[in-house]
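Visitor: Hi! Could you walk me through the aromatic rings in this one?
Guide: Happy to, let's look together.

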Amino acid sequence: MSDLTVIGKPVTRVDANEKVTGQIVYGYDLVLPNMLYGKTLFSTKAHAKIKRIDTGKAKAVPGVVAVVTGEDAPWTHGEAVKDKPFLAQGKVRYIGEPVAAVAAEDEDTAQAAVKLIEVEYEDLPVYTDPEDAAKMDCVAIHPDYDSYRKADFMVRGAAPNVCEHFKLRTGDVAKGFAESDLVLDERYFVPMIQHSAMEPHSAHAQWDEAAGRLTLWVANDAPFRALHEITEALSLPKEKVRFINPAQGGGFGSKGGLKCEPIAVALAFKTGGRPVRVKFNREETFISTLTRHEAVVYCKTGVKKDGTIMAREMTIYWGAGAYAEKSPTVCIRGSLPAPGPYRIPHVKVDGYAVYTNKPVAGSYRGYGIPQGAWAGEQQMDELAKKLGMDPIDIRMKNMFVEGDTSYWGEQLHAVGLKETLVKATQAIDYGKKPAKQKPGVKIGKGFACIQKPTRSPTTSNAGVNVNAQGEVTVLAGTVEIGQGCNTILSQVAAEELKVPMDKVQMHQLDTDVIPYDASTTSSRSTYHMGNAVRRAAIHAREQIMEAASPMLEVGVQDLGYADGKVFPKDQPQQALPIGEVVKRKLGINGVVHGDGSYTYEIGKDLDLETGHSDHASAFYMYATQAAEVEVDEDSGRVRVLRMSAAHDVGKAINPLNCAAQIEGGVIMGVGSALHEEMVIDNTGKVRNPSFLDYHLVTSLDCPELIPIIVECPEPEGPYGAKGLGEPGLAPTPAAIGNAVTDATGVRVYDLPLKPENVFWALQKNKKSAA
């Protein structure tokens, strides 16, 4: 690896100039010729039968071109369960569900027409708590569940609203608790939150009747998954649907799946070939797109006096919202590692994905890891305190190291967890108290550790073109959602073809042109697509050397390759630029094309009865974050003073980008720790669907950040790299929670740590002490 010229260097982002100068056109701002404007009527009921819809007045409005309801769009879609209609059919299941839509010559006309649509409902029982909704005697939110098409990995729960029941069984937890000297059993809660990407959701669709072809322009982070869902729902061949990705203004998991897309498609079939744009404003994005899963987590742990963990039992209720979306996989991939990165001989986990009458939950940065860590890592500190141990020591005694076998049966490798723990805690002088504190303000420190799998198995394909000017174009289905993938993949291509970064560009993502990629999710892009692009670039390089061999009258084995040139090893002065090789071989318009593909071959998927697998993930990400906070005892306000975040990235392709990823993740994590929650009343109505009432972290709230890169190379990763996108926020709330307890002596079990929650916990503690 010592001869690497671009990999490992802090390269400036390739899209920096376009973004800071405002040249990029995001999906939300895209205007197509002769475009119509779509607006949506959303359900005002959380759970009700639709008795009547009258669209007559809306259709009569001048300028209205199309009005559609569920009767016009009798299709359903979904990733694991095909349970979600394009527009509500027969009943509604949450406030914010699309019921009807209008396409008109302008947005105001469309909105005015939407208001004229009349809907008559008949109320049904409303469930807003996943634990309540999981009871056996509940009314089924999806009475037709058994008739839906479903993925073969799913295991339905016994209760009518449990769409997935994940089980992990290792050893005998009863035996483990019986052999323990101390057992703790607590309940924790993590609320539903919103992704809050700066760019709200939108979709453009155009139906070409003559060609039988549908085109969509969508800032979607999984365009091939979206294409699959659309073609499957409409029974269209894949070549009849095309997705073009404009630039995307943030995602964090929210831009996968289908949100505005089905509405735009339903309208496009009625507009005579004219394209139609459907976009949601901020409030509509809050109530009608995706959220992060709320979770009720019961965690019970048994330990010996010396801190050895003997058993851990967890029961997790994941609030899926009204439709399954990614809930089955979040339930599985979030519940599997929820007991934490520790050697535990006896483990029992039951994860339940539960339908409720709330907005739909989907993927969110961290994919279920923050919820489990909030419970498990706080309990680790509680156990240490009761045993009189240092929180570092109890983790060091139990945490995974190289070669350990996990409690799901997999031998682990490339485990950099201990190094992250040491470096993160050292960075904030963990264990040292401040010299002095302000009156009424307590300062404390805490930390938390996580491990995170990636979704497996999945496939990435890529192409690399080299033209006669020596320019390189990368064709990759990874979506730039702010994480810097265009820069990372450009670095990989530049490295293998030995060209400067300014010679490399990314092709626009268009499913007609770009080879298949599973999705831009699960922190998989650097690893999977990085491998695919690397292989494609090597394939192109090999073709160039084959072509250069007769030109230089030297066998391929005697050729050298460096600085974008091919040359005889013993006569480097005869070097030919790679563009010149392409031109001589294929002409001035010639292009050498390299192909690359990477699929992580999973051994045996998770056993449905035990949750075991000897190869559950392509790689694992490890991290430790440490926080220093101050708590105002009079108001309960928590302020994070500084945070260190040590992440095992395998190999930092671009250290500057890694640091930015870590910082961005930590800041999101601070928000979810201190402020963020979707306030939903018992009727299912979101009470804070705006950035005025939903409190995001601002620059004034940001603590001092100390990103730390740990490199424990992953053997199959490109240059040893793993993923990094999601773990940045996974341990943050738990680290802050432990720091608040260190400061005050009081533990708060429910997120967020907003002032009133902390204040009342302090008051309760004072009352108990008295």
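**Rings and their neighbours**

Guide: Trp760 counts as exposed, at 57% relative accessibility; exposed means over 50% relative accessible area, buried under 20%, and partly exposed in between, with a 1.4 Å probe and protein chains only. This is a predicted model, where local features need pLDDT of at least 70, side-chain atom pairs count only at pLDDT 80 or more, and totals for chains, interfaces and linings use all residues. Residues are numbered from 1 along each chain as its sequence is written, and side-chain values use heavy atoms, with hydrogens and water left out.

Visitor: How many aromatic pairs are there?
Guide: There are 20. Rings of Phe, Tyr and Trp (its six-membered ring) pair if their centres lie within 6.5 Å; planes under 30 degrees apart count as stacked, over 60 as edge-to-face and the rest as tilted.

Visitor: Why is the pair of Tyr430 and Phe447 edge-to-face?
Guide: Because their planes are at 90°; the ring centres are 5.1 Å apart.

Visitor: Are those two buried or exposed?
Guide: Both Tyr430 and Phe447 are buried.

Visitor: Back to Trp760, what does Phe759 form with that residue?
Guide: An edge-to-face aromatic pair, with 5.1 Å centre to centre and 80° between the planes. Phe759 is partly exposed, its relative accessible area being 23%.

Visitor: Which residues form one aromatic cluster?
Guide: Trp75, Phe86, Trp207 and Phe269 do.

Visitor: New topic: where does Lys279 lie?
Guide: Over the face of Tyr28, 4.4 Å from the ring centre. A charge sits over a ring if NZ of Lys or CZ of Arg is within 6 Å of the ring centre and within 35 degrees of the ring normal.
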